[in-house]
Amino acid sequence: MGIFSMLRRDESARTTAREAMKEARRGGDAPSGGALDRAVTMIRDIGLDGKLTYASAADTARRAQRGRGKRRPEVAVRRIVRRHRRGVTAGGFLTGLGGFVTLPVLLPTNVLEFYVQSTRMVGAIAAVNGHDLEDEEVRVRVLAALVGEESGDVLRNVGLGPVAGAAARGVAGKLPANPQSELVSAIGGRLVRRFGLRSVRLFGKAIPGLGGVVGALSDRKQLNRIAAAATKGFPPAA
């Protein structure tokens, strides 16, 4: 079962996604334990640790390292990005395919699914380059990468430099007690912009078939930005 189908059948996930979207659109600071906080926790945990038949980031990294990927990390990274690019493209296509009829129902789940897949991709890239996915700092950096080119600003807000590795280890003690809470607002803002982008393109989505293409291209473009941030933020560990 794919992650999109899994989340769509999970009533708790669907409810959390809908509530998180509403909370993000209201703006302001996201409350601790609120819907956005729960959504980010779900994105992080499923994306990095896996769930049921959805493989973890570590397992995905090991699979990408088979053959040439073991000797050449850049080959494994390309494999990881290609695999997840196919996944989010399919999810975006299915979400937009039905136009006005299915968009309000599927969009929140699609946003959640997109970030779960993106999180696994970032985590797998980090693992291939020798970073420990059980390290709290690394998990914070994975979440920060979800905002793409803005990840450096988010990391500075929690006392970390832009690049993972030994050079940043000296500031790890500056992490707040709950660093995820510092990231929820930034990720929530991204959800709002993502929702707004989809709303602006509703005309295209109202036409069967064309809406699916618009959704697929939108998700593909955003994933490429996140992949670039992940590659820059998780260089090979010393």
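Contact here means heavy atoms within 4.5 Å.

**Figure 1. Overall view of the predicted model.** The structure shown is a predicted model. The secondary structure of the protein consists of 13 helices and zero strands. Of the 238 residues, 49% count as buried. The protein exposes about 11000 Å², and carbon and sulfur atoms supply 56% of this area. Among contacts between residues at least 6 apart in sequence, 71% join residues at least 24 apart.

**Figure 2. The largest nonpolar core and the surroundings of Val122.** The largest nonpolar core contains 56 residues. Leu112, Met121 and Val122 are the residues with the most contacts inside this core. Helix α7, which spans residues 103-128, gives the most to the core, with eleven residues. Which residues does Val122 touch, not counting those up to four places away in sequence? The list for Val122 is Val142, Ala145, Ile226, Ala230 and Phe234.

**Figure 3. The aromatic pair Phe114 and Tyr115.** A search of the whole structure finds one aromatic pair. The ring centres of Phe114 and Tyr115 lie 5.2 Å apart, and the ring planes meet at 85°, so the pair is edge-to-face. The cut-off behind this label is an angle over 60 degrees between the planes. Phe114 has a relative accessibility of 0% and therefore counts as buried. Tyr115 is buried as well, because its relative accessible area is 1%; the limit for buried is under 20%.

**Figure 4. Arg120 and Thr60.** The charged end of Arg120 sits over the ring of Tyr54, at 4.0 Å from the ring centre. Arg120 is also one of the residues in contact with Thr60 when neighbours within four places in sequence are left aside. Thr60 lies in helix α4, residues 57-64. Is Thr60 buried or exposed? Its relative accessibility is 3%, so Thr60 counts as buried.

**Figure 5. The salt bridge between Arg139 and Asp49.** Side chains of opposite charge can pair when their charged atoms come close. The count for this structure comes to eleven salt bridges. In one of them, Arg139 pairs with Asp49, and the closest N and O atoms are 3.1 Å apart. This pair links distant parts of the chain: Arg139 belongs to helix α8 (residues 136-145), Asp49 belongs to helix α3 (residues 35-49), and the two are 90 residues apart. Arg139 counts as buried because its relative accessibility is 10%. Asp49, at 41% relative accessibility, counts as partly exposed.

Figure 6. The side chains of Arg18 and Glu11 form a salt bridge with an N to O distance of 3.7 Å. Arg18 has a relative accessible area of 35% and is therefore partly exposed. Glu11 also counts as partly exposed, at 43% relative accessibility. Between Arg156 and Asp153, the N to O distance of the salt bridge is 2.3 Å. Because Arg156 and Asp153 are three residues apart in helix α9 (residues 151-157), about one helical turn separates them. Asp153 is partly exposed, with a relative accessible area of 45%. Elsewhere, salt bridges that share partners join Arg44, Asp45, Asp49 and Arg139 into one network.

Figure 7. Lys70 is found in helix α5, residues 68-71. At 68% relative accessibility, Lys70 counts as exposed, since the limit for that class is over 50%. The C-alpha atoms of Lys70 and Val128 are separated by 8.7 Å, while the two residues are 58 residues apart along the chain. Ser218 has its place in helix α13, residues 210-233. Its relative accessible area is 10%, so Ser218 is buried. What is the C-alpha to C-alpha distance between Ser218 and Val88? Ser218 and Val88 are 9.5 Å apart in space and 130 residues apart in sequence.

Methods:
Residues numbered from 1 in each chain as written. Predicted model: local features only at pLDDT ≥ 70, side-chain atom pairs only at ≥ 80, totals over all residues. Heavy atoms only, no water. Core = buried A, V, L, I, M, F, W, Y, C linked by side-chain atoms within 4.5 Å. Buried < 20%, exposed > 50% of the residue type's maximum accessible area, 1.4 Å probe, protein only. Helix = DSSP H or I, 4+ residues; strand = E, 2+ residues; numbered from the N terminus. Phe/Tyr/Trp six-rings, centres within 6.5 Å; stacked < 30°, edge-to-face > 60°. Lys NZ or Arg CZ within 6 Å of the ring centre and 35° of its normal. Salt bridge = Lys/Arg side-chain N within 4 Å of Asp/Glu carboxyl O. Areas by Shrake-Rupley, 256 points an atom, 1.4 Å probe, with all protein chains shown as cover.
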